[in-house]
Amino acid sequence: MEKALKQISELDKIDQCSISEAICKVVEELGEFTAEVNKTTGRKFTTESNETIQENLLEECADTFQNMLLVMNRCGITLEQLETEILKKDKKWFKKMYLKGNADEKDYDRIFGDEIPDFQE
């Protein structure tokens, strides 16, 4: 991922779009990704093969992620910082599921590899 981010950073120096334009591009690509996801759920009718849909999903996911990395890089966020924050968010997500009764201590250990903290409501 470091290589991709470095290339995006270099391409960004040439492109010179504004941060607003970059964010608009993220939204555009996310919409295209969503349209492909809708084909997998039957929400959007298609005659495309599953293989074609999977190829399109991968392409649109890459487009969305590429543009998110561009915005992230512009904002001075590193991949290491992003990973750290995601790992914290994963625990918050788990806590919500635990408090709803959708997860238990075994799930926590399987996912995080340690003892479940004392979640207060």
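Start by selecting Ile19, Ile23 and Val27: together they make a nonpolar surface patch with about 250 Å² of accessible area. A patch here joins residues with over 30% relative accessible area and no salt bridge, linking nonpolar side chains (Val, Leu, Ile, Met, Phe, Trp, Tyr) within 5 Å and like charges within 9 Å. Areas come from the Shrake-Rupley method with a 1.4 Å probe, with only the protein chains shown as cover for residues. A salt bridge means a side-chain nitrogen of Lys or Arg within 4 Å of a carboxyl oxygen of Asp or Glu.

This is a predicted model, where local features need pLDDT of at least 70, side-chain atom pairs count only at pLDDT 80 or more, and totals for chains, interfaces and linings use all residues. Numbering runs from 1 along each chain as its sequence is written, and side-chain values use heavy atoms, leaving out hydrogens and water.

Now click on Val27, in helix α2 (residues 19-41). Is Val27 buried or exposed? Val27 counts as exposed because its relative accessibility is 55% (exposed is over 50%, buried under 20%, partly exposed in between).

Finally, zoom out: the protein chain has five helices and zero strands, where helices are DSSP runs (H or I) of at least four residues and strands (E) of at least two. Its C-alpha atoms fill a box of roughly 50 × 40 × 25 Å along the principal axes.

Conventions. Buried < 20%, exposed > 50% of the residue type's maximum accessible area, 1.4 Å probe, protein only.
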